[in-house]
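Visitor: I am new to this structure. How should I go about reading it?
Guide: Start by looking at it, and then we take the features in turn.

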Amino acid sequence: MGHVDVDAFDALLGDEGQALLSALRDYDPAKELATATRLRRDHPPALVSAALTQAALRQRAVAKFGPEDAHRMYFTPNGVEQSTRTSVAAYRASRFAEFGVRRMADLCCGIGGDAIELARAGISVLAVDRDPLTCAVARANAEALGLAELIEVRCADVTDVGTRDFDAVFVDPARRGGRGRVFDPEAYSPPLSWAIEAARTTPRAALKIAPGVPHEAVPEDAEAEWISDHGHVKEAVLWFGTARPGLRRATLLPSGHSLIGTPLLPDPEPGPVGRWLYEPDGAVIRAHLVADVAARVGGRLIDPTIAYITTDELRPTPFATAYEITDVLPFNLKRLKALLREREVGIATIKKRGSAVEPEQLRKKLRLEGGNACTIVLTRSAGSPTMLLGHPAQALPGGP
């Protein structure tokens, strides 16, 4: 990927750059060299290189922003990587709008993923970033999507921006240093402690943090929310001014189901594996709300250290995937192979939690053949390595 400077980026916004970008909409990055050679006959090399970089970034951005927005927007390599996906940004913007926020500051706005959804929710946004190219890209995105009247982009250090005149502030600190991801919240840029102080200057605030943040790092006056999208945990957010400090919440997108933790709920007693096994969504596990899901389904844990819940009767919940369990056996490779061969299982989904066995290595050893499918869960039950065989509940005839 070529490095693009602000001048080369600005040239992309002109007529010649725009014509190049529309010609490259469906271009194949594997043919970059041939395409570049052909285009350089008629266009300046720097413009061709900027257009090729942009076309490839747009293709990568489709997964986060959807085809319609991605092909109108502009990106930097970092911006595609670090920006909030549309589903998450739209959900967060809807919460700000519900709180009655009209004017807010988006600090460390990046290419504008959050600012765009805030503006679409009718909120006027001051978007701040210190990198000139990133700011130029955020400005171009506001223009391209018809939101320029609601988004003001300011190129500045976020720590120099006064926040007291806003209804709310959103801070998304950079969590990648020169050596990849940063896990220490004080090594974020700006540090988490600064972001928390900024959050306390306005009536409402949200700070985006890594989902693996230790719970003891969450300030007492914040609500902590973990968000997953299609089952994958995307981020955690600290909310200030929500009137529910200390609350833990798991939100699942695209459904929007939100599980709010019951304070001081004890862990359910472990017990034997019943007919149904529930695998809680990753956001539920990160938010430490497995006990809340167990209470909803009237379930028990299969082991005090494992986030699997079991019941004898099925009680579907949006917060966990249910499986009907047909076999509960001590882990034994020979026995597993024989059973799967006998049942002509050729398609296996292998899940694990609390097992040292690697699913892909196990798959090679099983040499599956046949037309039937099976879910294999490698885990611990009552402290011992256990294998559970079964099927997803919704795949059952007449199932929920």
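**Reading the sheet and a helix pair**

Guide: This is a predicted model. An open sheet of nine strands runs in the order β3-β2-β1-β4-β7-β9-β8-β10-β11, and its pairing is mixed.

Visitor: Which are the edge strands?
Guide: An edge strand pairs on one side only, and here these are β3 (151–155) and β11 (257–260). From one strand to the next, the twist averages 20°.

Visitor: In what sense do β1 and β2 pair?
Guide: β1 (residues 103–107) and β2 (residues 124–129) pair in the parallel sense, over five bridges. Leucine 107, for example, has valine 128 in β2 as its bridge partner.

Visitor: Which strands does helix α6 touch?
Guide: α6 (residues 86–98) packs on the sheet and touches β1, β4, β7, β8, β9, β10 and β11. The direction of α6 makes about 20° with that of β9. Helix α9 (residues 192–199) also packs on the sheet, touching β1, β4, β7 and β9, and its direction makes about 160° with that of β7.

Visitor: At what angle do α12 and α13 pack?
Guide: Helix α12 (residues 333–342) and helix α13 (residues 359–366) pack at about 60°, with axes 10 Å apart. The angle therefore makes α12 oblique to α13. The crossing is right-handed.

Visitor: Which residues make that contact?
Guide: Leu333, Leu336, Lys337 and Leu340 of α12 meet Leu362, Lys365 and Leu366 of α13. Five of the contact residues are nonpolar, two are charged and none is polar.

Visitor: Which domains does the chain have?
Guide: The domain assignment gives domain 1 (6–72), domain 2 (80–260) and domain 3 (276–392). The centres of domain 1 and domain 3 are 46 Å apart.

How values were computed. Residues numbered from 1 in each chain as written. Predicted model: local features only at pLDDT ≥ 70, side-chain atom pairs only at ≥ 80, totals over all residues. Heavy atoms only, no water. Domains from an automatic or database assignment. Axes fitted to C-alpha atoms, helices over the stretch in contact; angles between N-to-C directions. Helix = DSSP H or I, 4+ residues; strand = E, 2+ residues; numbered from the N terminus. Parallel < 35°, antiparallel > 145°, perpendicular 65-115°, else oblique. Left-handed = near helix turned anticlockwise from the far one by under 90°. Contact = heavy atoms within 4.5 Å. Nonpolar A, V, L, I, M, F, W, Y, C, P; charged D, E, K, R; others polar. Pairing = 2+ DSSP bridges.
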